Amino acid sequence: MDPNIQGAMAEYAVALEFMKLGYIVSKPLLDSCRYDLLVDTGSRIVKIQVKSKKQNAWKQKGRKGIQMMLDRNKPYDLDQVDFFVVYVADHGGFYIIKNDGKMKSVKITPGGKYKINFNNFASIN
């Protein structure tokens, strides 16, 4: 699948999940900002950067996890992105990870430190 289509589908899937929970979701008109979605929780507006892994990325030979590059050049500043939402098709869901301002990549492994972040949309409140 074309990476642009995959990314757009992930963004819409994430937006739909937030809307199902009653949040208001907005998308920038330009593709030049560091976040993909704005989520209005009712008490604040959260900037979300969406990442995705294609189908079967988890099952590649010898892999114990998925390494997801967030940005090759520099970490996302705290004023640019509040959370990363990583869509993993093989898991059928999302990992919601708070930006610490230092992360360049995220490694997701079975039973790893991000297991509590799986489909935990309440963590953005």
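## Close-up views of a predicted chain

**View 1. The whole chain comes first.** The chain exposes about 7,500 Å², and carbon and sulfur atoms supply 52% of that area (Shrake-Rupley method with a 1.4 Å probe; for residues, only the protein chains shown count as cover). This is a predicted model, where local features need pLDDT of at least 70 and side-chain atom pairs count only at pLDDT 80 or more, while totals for chains, interfaces and linings use all residues. Residues are numbered from 1 along each chain as its sequence is written, and side-chain values use heavy atoms, with hydrogens and water left out. You will find one helix and seven strands (DSSP runs numbered from the N terminus: H or I of at least four residues for helices, E of at least two for strands). Along the sequence they follow the pattern α-β-β-β-β-β-β-β. Of the 125 residues in the chain, 40% are buried (buried is under 20% relative accessible area, exposed over 50%, partly exposed in between, with a 1.4 Å probe and protein chains only).

View 2. Contact here means heavy atoms within 4.5 Å.

**View 3. Now look along strand β2.** Strand β2 (residues 37–40) runs antiparallel to β3 (residues 45–53), and four bridges join them. The two form a hairpin with four residues between them, and G42 in the turn has a positive phi of about 100°. With β1, β2 pairs in the antiparallel sense over three bridges. V39 is the bridge partner of V25 and stands opposite V46 in β3, whereas L38 has K47 as its bridge partner in β3. In a regular strand the side chains alternate between the two faces of the sheet.

**View 4. F18 sits among its nonpolar partners.** The largest nonpolar core has 17 residues, of which F18 and I48 touch the most other members (such a core is a set of buried Ala, Val, Leu, Ile, Met, Phe, Trp, Tyr and Cys residues joined through side-chain atoms within 4.5 Å). Helix α1 gives the largest share, four residues. Leaving aside neighbours within four places in sequence, F18 is in contact with Y23, V25, V39, I48, V85, F121 and I124. Apart from this core lies another, of 12 residues, including L70 and Y95.

View 5. K74 lies in the loop between β4 (66–69) and β5 and is partly exposed, at 40% relative accessibility. Not counting residues up to four places away in sequence, K74 touches R34 and K104. N119, in the segment after β7 (105–108), is partly exposed too, with a relative accessible area of 35%. Its phi is near 55°, a positive value in a residue other than glycine.

Technical notes
Pairing = 2+ DSSP bridges.
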